[in-house]
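The following note is intended for a colleague who is meeting this structure for the first time. Please read the numbered points alongside the sequence and the 3D view.

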Amino acid sequence: MSTNFRIERSELGGAVVLALDGFLDAHTAPQFENAISSEAEAGHLHLIADCRKLSYISSAGLGVFMSFIEEIREKGGDIKLSGIEPKVYQVFEVLGFHELFDIVDNVEAAGALFDQGSRRKD
Amino acid sequence: MEGRTDARLDASRLESLLESAKLLSASLELDELLKHLLRTVMGRLLSLRGAVAIQEDGGLRVAHSRGVTSLRPGQPFNLADAAEAGLTMTFPIGDAAAPAGLLALSPSKRGALDASENDFLEALLGLAASSIENARAHRQVLVANRALDQKVQELSTLLDLGRGLASTIDVDELASILLLTLSGRFAVRRHALFTWKAGQPPIQRVKGLEELDPVALQEQAKTLEGAALRDGLLLLPIRASAETQGIVVLGPRALKLPYGAADLDFAQGLMAQAAVAFENAWHFRDSLFRQQIEQELALAASIQKDLFPKRLPALASTCMAARNRQARQVGGDYYDVLKAGPEVSLLCVADISGKGVAASLLMANLQATLRALLSAGPPITELASKTSDLLYASTPASKYATAFFMKYRPETGACEYVNCGHNEGIVLRASGEVELLNATGMPVGLLPGRKYAAGALQLDSGDLLCLYTDGVTEADNLKEEEFEIERTIECLKAHREEQPETILDRLFEAIDTFAGGAPQHDDITALVLKRT
């Protein structure tokens, strides 16, 4: 199962981009959790989840976003999401995640939001 | 002139009706419909102010207004307010008895409406009424679809959790998967999970709910029938059987959403699945642990097997055989035949107190001690006292051994022995006479500084010696009678003409026949030596 999900890390300006590739489900969520956790520990608080290649997300996957967002926002950072496929976006929408997170078309737009210092309040 | 104007008006009415029909039937957006209606009618009647209200929650409410600030969208609509705002013309939308809404307008700048204009309005409003119904139905379908999407999402969450839980038997990983799934599903940022399964390491996962007291929660969990809301927290007991083994606590949902009854049901479904997975993981951990112990025992048994001599040395004028049968995987009996100097062998049969791994360790200790001492070739009394002191020093006082040590000279048949609290050695003379070799001292390792006396005897051709442990004489049957030394001697007498190996076969058979299916409680060891 673990081969069905990969994370590629890169940097864009001051932000860290985690490109998610494949199935983010209960089985692979811990992998993503570790990735976000180590970024947060390293003090990288401007995080962009690049979802272009994300083909599926389950509640457990969304749970990873929920688990870290408070801590990261408290420290002045944020997680922004970009490039979500319509099928995947539907899941975000159904559970109300689009109201909790900045979701934009692409990584560059997410980076620009960080540059403007904008942050979604809920 | 008059006729042409009428004709143009008629044409424009038809055009407007057609356009409206197209627009109204094509659009499912209620707001768009109502705005269009208001625009069209105000345009046709040249009214400067207007409002449209529709039935909502059992009363008319303003949907849109133009040119009147006093009628705000959303507020209840009544005719008096409308009249005051100058909207003196009202038209029901649809059936006048149960209208879907109402259109209120300021007087037409074109004066009183003629019959044709009224017909037109009636047609337009009829059209609007059915479109409003359509839009409303559509809106309900959307709501239903959304509910359906939620259900689909719930199902796929259940399925995904099921797969995730099935993919691991690691308890900590299960806790992670469960918390992530619940947090994602309910958009929750703070959560905690505690378990207190007996005999298992407890799990404590807390994020943002550090103020929780696990001990108090455990008490509270006992009183919970299922999912429950307390002080804005969702409590979900982990329970696969009668006993609650743990609890999940979820903090408030984001977006200030409440936990509804359906959410509680759903969470309970997830928990039921998770509880079974936890049970399985715990059970697996248990059996893995047991399996490890068994593997270690098997290893100990194979090590112990190597401690016994693989074959006895060939000695002049001597036939010899020895056998050990353990009651458990590892035991505390020991026999050995060691070189104790030129043309001297040491025969040894010992029984270590207790059973199992502890006894087997002591047996290994005894063997090592003997071998170390033998290299200096001490007198047999010194061998016994030094063995005793070394064992005493290296083991707790409750650990000791009874032992029979005999120095045997194959060339002459001369024997010297020390019986350290052990069973009597049996000597069966060629003449048929029986001699018993009684204890000459205390068990080894029991007390410090013990001295031992030695006995001596001569074995001649046709004589038979049997050394054994109490597993032979104390083997019991279902009536709790013991095999006793008498039956042992009887058996040796009956088969004394056989080879030692065969005599042992008969002895073990006799013991088994006597026991008659009673379980073997103790290790059974015997050594038979025949002087040729």
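1. Chain A comprises 122 residues, of which 46% count as buried. The model discussed here is a predicted one. Among the contacts of chain A between residues at least 6 apart in sequence, 69% join residues at least 24 apart.

2. Four helices and five strands make up the secondary structure of chain A. Read from the N terminus, the order of these elements is β-β-α-β-α-β-α-β-α.

3. Two packed helices are described by the angle between their axes and the distance between the axes. In chain A, helix H1 (residues 29–41) and helix H2 (residues 59–74) have axes that come within 9 Å and cross at roughly 15°. Angles under 35 degrees count as roughly parallel, and H1(A) and H2(A) are therefore roughly parallel to each other. Their crossing is right-handed.

4. Which residues of H1(A) meet H2(A)? On the H1(A) side they are Ala29(A), Phe32(A), Glu33(A), Ile36(A) and Ala40(A). Their counterparts in H2(A) include Gly61(A), Val64(A), Phe68(A) and Ile72(A).

5. In chain B, attention is drawn to an open sheet of five strands, ordered S6-S5-S9-S8-S7 with antiparallel pairing. Strand S6 (204–207) and strand S7 (228–230) of chain B each have a single partner strand, so one side of each is left without a neighbour in the sheet. On average, neighbouring strands of this sheet are turned by 20° against each other, direction ignored.

6. The pairing of S6(B) with strand S5 (residues 191–195) of chain B is antiparallel and extends over four bridges. Within this region, Leu193(B) stands opposite Arg205(B), a residue of S6(B).

7. Two helices of chain B lie across strands of the sheet. Helix H5 (residues 171–186) of chain B lies across S5, S6 and strand S9 (246–250) of that chain, and runs at about 150° to S5(B). Helix H7 (residues 261–307) of chain B lies across strand S8 (233–238) and S9 of chain B, at about 35° to S8(B).

8. The largest nonpolar core has 71 residues, and those with the most contacts inside it are Leu174(B), Ile177(B), Leu178(B), Leu182(B), Val248(B) and Ala274(B). H7(B) supplies the largest share of this core, ten residues. Not counting residues up to four places away in sequence, Ala274(B) touches Leu165(B), Leu174(B), Leu178(B) and Ile238(B). A second, separate core has 57 residues, among them Ala384(B), Ala403(B), Cys466(B) and Val472(B).

Key: Residues are numbered from 1 along each chain as its sequence is written. Chains are lettered from A and ligands numbered from 1 in the order in which they are written. This is a predicted model: local features need pLDDT of at least 70, side-chain atom pairs count only at pLDDT 80 or more; totals for chains, interfaces and linings use all residues. Two strands pair if DSSP finds at least two bridges between them. Axes are lines fitted to C-alpha atoms, for helices over the stretch in contact, and angles run from 0 to 180 degrees between N-to-C directions. Two residues are in contact if their C-beta atoms, placed from the backbone, lie within 7 Å. A nonpolar core is a set of buried Ala, Val, Leu, Ile, Met, Phe, Trp, Tyr and Cys residues joined through C-beta atoms within 7 Å. A residue is buried if 20 or more other C-beta atoms lie within 10 Å of its own, exposed if 12 or fewer, and partly exposed in between; C-beta atoms are placed from the backbone. Angles under 35 degrees count as roughly parallel, over 145 as roughly antiparallel, 65 to 115 as roughly perpendicular and the rest as oblique. A crossing is left-handed if the near helix is turned anticlockwise from the far one by less than a right angle, and right-handed if clockwise.
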